[in-house]
Structures are given as C-alpha cells and as structure tokens.
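Let's take a walk through this protein, from the overall layout down to a single residue. Keep the viewer open as you read.

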Amino acid sequence: MHRRRIIQGTAATLAAAVLPSSARAVAAPQGPTDFATALWSPAAPANYTVPAHPSERRVDRIVIHVAQQLFTPTTGIFRSPSKQVSAHYVVRSGDGHVAQCVREKDIAWHAGNWTWNTRSIGIEHEGWVDRPEFFTDIMYLRSAGLTAEICERHGIPKDREHIVGHHEVPGSDHTDPGVHWDWERYLRLLAAAVPVT
C-alpha cells in the first residue's frame, strides 16, 4: 500500500486517541540512540530491514519528509507491524523534540525506492505540506542540528545534492516537504550547526 495513504488512512483514528563516493561507513554510537538527545521510539521490526552486513552500509543521502500527520500518531504508525513504513527520525513541530525510530545502521522504509532506502537516512517532520505554521523556528533548528550530526557521522556533504526532499527521490509521487519548506533557511542553519557528538 502507498506510504502516504497508510499515514493518512490512520490519521483520524490515531488523532482522536492522541492529540557520494565520499560516504563512508562508521560505527554506530553506543547507547539507545544515534542522536544523543533523541528519545528511542522503536519502529516495529516488520517495518525496516537489518542489513546482513551493517558495516558495509554506505549512507550518502538524507531524505527530508513531512509526515502529513502529528508527531505521536506518526511514531505510532511506525510501531504498527502492518503498516510497512518507517523513518529513522521524527521531529516535533512545537518544541523540536526528536524521536529515533530506526537505528542509522538499519534500513528504514521511507523513500518508496529500495535503492534510496539502502543509501539514505529518513527524517520525518510533524505537520502537513500545506500548513506552514508547522514549520517552526525550533523545528528547523533541531532538524538542522540532527542533519548536521548525521552528515558528520557518515561523511555526507551538507548540500542540496545530498540532502533532498522526498519528492526528489526517483520514482516518487510525493510532494513533501512541499513549497513551504524553506530550503535556504535550512541549509543556513545546517552550515551553522555545531554537532553535539
């Protein structure tokens, strides 16, 4: 089933209940999350792939998503084994809180393209593409800090060739993060971010 329809299809129920060659493999940080301040909110094991040889996984892209959903229902969808969708991280709009749902060494099912899933980290953002009020200052700031850390860990250049919107994934029929996502601002924050690790 299509990822966007899965997320949108469960929205009413859940919302009612709860308001490049330069890439290199690196060892995952010790501890429950790869991003030190993230809360571990694991996706169901049925919703991502553990690679046979994790040390051979090469990540050279970060895919920016907008969930078309609130934060808690999004992490709930990733915990449901029947949904067959996940992302590595989810960033909350109101306070920039970050949840990690899949370890970076594992393959989240977020891009809708298996090759891109195997080579990328997916970051979902709470909100809707047509509701720019969800793209808050703190969400941009925390997301850019998270992305900066991922770039440092994996040797990913901090540019638009390597940090892309879901709509730019080959074969995608998605529009996220949408026309209201401020790429110039995001890249400025990313360039200025000081990784926590």
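Helices (H or I, at least four residues) and strands (E, at least two) are DSSP runs here, numbered from the N terminus. By that count, the protein has six helices and eight strands, and along the sequence they come in the order α-α-β-β-β-α-β-β-β-α-β-α-β-α. A word on the basis: this is a predicted model, where local features need pLDDT of at least 70 and side-chain atom pairs count only at pLDDT 80 or more, while totals for chains, interfaces and linings use all residues. Residues are numbered from 1 along each chain as its sequence is written, and side-chain values use heavy atoms, with hydrogens and water left out.

Of the 197 residues, 52% are buried (under 20% relative accessible area, with exposed over 50% and partly exposed in between, using a 1.4 Å probe and protein chains only).

Now look at helix 5 (residues 137–154) and helix 6 (residues 183–192), which pack at about 55° with axes 8 Å apart. Axes are lines fitted to C-alpha atoms, for helices over the stretch in contact, and angles run from 0 to 180 degrees between N-to-C directions. Under 35 degrees counts as roughly parallel, over 145 as roughly antiparallel, 65 to 115 as roughly perpendicular and the rest as oblique, so helix 5 and helix 6 are oblique to each other. Contact means heavy atoms within 4.5 Å; on that basis, D137, Y140, L141, S143, A144, T147 and A148 of helix 5 meet R185, Y186, L189 and L190 of helix 6.

Finally, find Y48 in strand 2 (residues 48–49). Y48 counts as buried because its relative accessibility is 18%. Beyond neighbours within four places in sequence, Y48 touches A43, S86, V102, D106, I107, A108 and W109. One of these, D106, lies 58 residues away along the chain, yet the C-alpha atoms of Y48 and D106 are 7.2 Å apart.
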